[in-house]
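The sequence and structure come first, and the description follows.

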Amino acid sequence: MTETTHNTATAERSDLLETLAKHRHFLRFTARDLTDEQAGQRSTAGELCIGGLIKHVTSVERSWADFIEHGTSAMSDFDSMTEADFAKRADDFRMLPGETLAGVLAEYEKVAQRTDDLVAALTDLNVSHPLPKAPWFEPGASWSARRTLLHIIAETAQHAGHADILRESLDGAKSMG
């Protein structure tokens, strides 16, 4: 690898991680000064709560980091998911009895650090794996580590926006403005 290629790869990783960190910050910021009860409260007609969104983003980031590291075997095919799998997935969107906002945020921080370490250690962002079977993926498609990181960023940003709406519905607080 030439010095120019190495510098470009380093800059790209830095840009990806900086963008992901910014969206993680906005997601966590929506939970500032909330009680555990408020973090688990549904503040709109939907099922979502701030703590549940953070749990969901944590789970998604963990799964996609596993995919980058281990390939398709790290994820379940949609067709093979059981009722228990779907119930666990639904639990990722809500605060369960005994869960605390501090615990949810600590787990998110742990997963985020693992992802950041993984990105820093990757030898090549072009390494690709076939996607698991799911109705929302093109059959036979593969994603590179780069594409997967972009997906994690998009997922985090989308749910930070959802959390901002939920927070404003709770008490009028906003992430920006």
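Phe137 and Trp143 are both buried. The model they belong to is predicted, and every value below is computed from it.

**Aromatic residues**

Five aromatic pairs occur in the structure. In one of them, Trp64 and Phe67 are arranged edge-to-face, with centres 5.2 Å apart and 80° between the planes. Both residues belong to helix 3 and are separated by three positions, about one turn of the helix. Trp64 is buried, at a relative accessible area of 5%, and Phe67 is buried as well, at 1%. Another edge-to-face pair is made by Phe137 and Trp143, where the centres are 5.5 Å apart and the planes are at 75°.

Two arginines sit over aromatic rings. Arg147 lies over the face of Trp143, 4.1 Å from the ring centre. The charged end of Arg32 is placed over the ring of Phe29, at 3.9 Å from its centre.

**Nonpolar cores**

Which residues touch the most other members of the largest nonpolar core? They are Trp64, Leu131 and Leu149, in a core of 21 residues. Helix 1, helix 3 (50–70), helix 5 and helix 6 each give two or more residues to this core. Helix 3 supplies the largest share, five residues. Beyond its neighbours within four places in sequence, Trp64 is in contact with Met75, Leu131, Phe137, Trp143, Thr148, His151 and Ile152. Another core, of 16 residues, lies apart from this one and has Ala31, Val57, Leu101 and Ala163 among its members. In soluble globular proteins, nonpolar side chains tend to be buried together.

**Histidine 129**

His129 is located in strand 1 (residues 128–130). With a relative accessibility of 17%, His129 counts as buried, the cut-off being under 20%. Its side chain reaches the backbone oxygen of Ile68 at 3.2 Å. Leaving out neighbours within four places in sequence, the contacts of His129 are Phe67, Ile68, Gly71, Thr72, Ala141, Ser142 and Trp143.

**Salt bridges**

The structure contains 13 salt bridges.

| Salt bridge | Distance |
|---|---|
| Arg24 – Asp116 | 2.9 Å |
| Asp91 – Arg94 | 3.0 Å |
| Arg167 – Asp171 | 3.0 Å |

Arg24 forms its salt bridge with Asp116 at 2.9 Å. Arg24 is in helix 1 (residues 3–29) and Asp116 is in helix 5 (residues 101–121), so this pair ties together parts that are 92 residues apart in sequence. Arg24 is buried, with a relative accessible area of 3%. A network of salt bridges links Arg24, Glu61 and Asp116.

Arg167 and Asp171 are four residues apart in helix 6 (residues 145–171), a separation of about one helical turn.

In the remaining pair of the table, Asp91 is partly exposed, with 25% relative accessibility.

Notes
Residues numbered from 1 in each chain as written. Predicted model: local features only at pLDDT ≥ 70, side-chain atom pairs only at ≥ 80, totals over all residues. Heavy atoms only, no water. Salt bridge = Lys/Arg side-chain N within 4 Å of Asp/Glu carboxyl O. Buried < 20%, exposed > 50% of the residue type's maximum accessible area, 1.4 Å probe, protein only. Polar contact = N/O pair within 3.5 Å; in protein donor to acceptor, adjacent residues only side chain to side chain. Contact = heavy atoms within 4.5 Å. Core = buried A, V, L, I, M, F, W, Y, C linked by side-chain atoms within 4.5 Å. Phe/Tyr/Trp six-rings, centres within 6.5 Å; stacked < 30°, edge-to-face > 60°. Lys NZ or Arg CZ within 6 Å of the ring centre and 35° of its normal.
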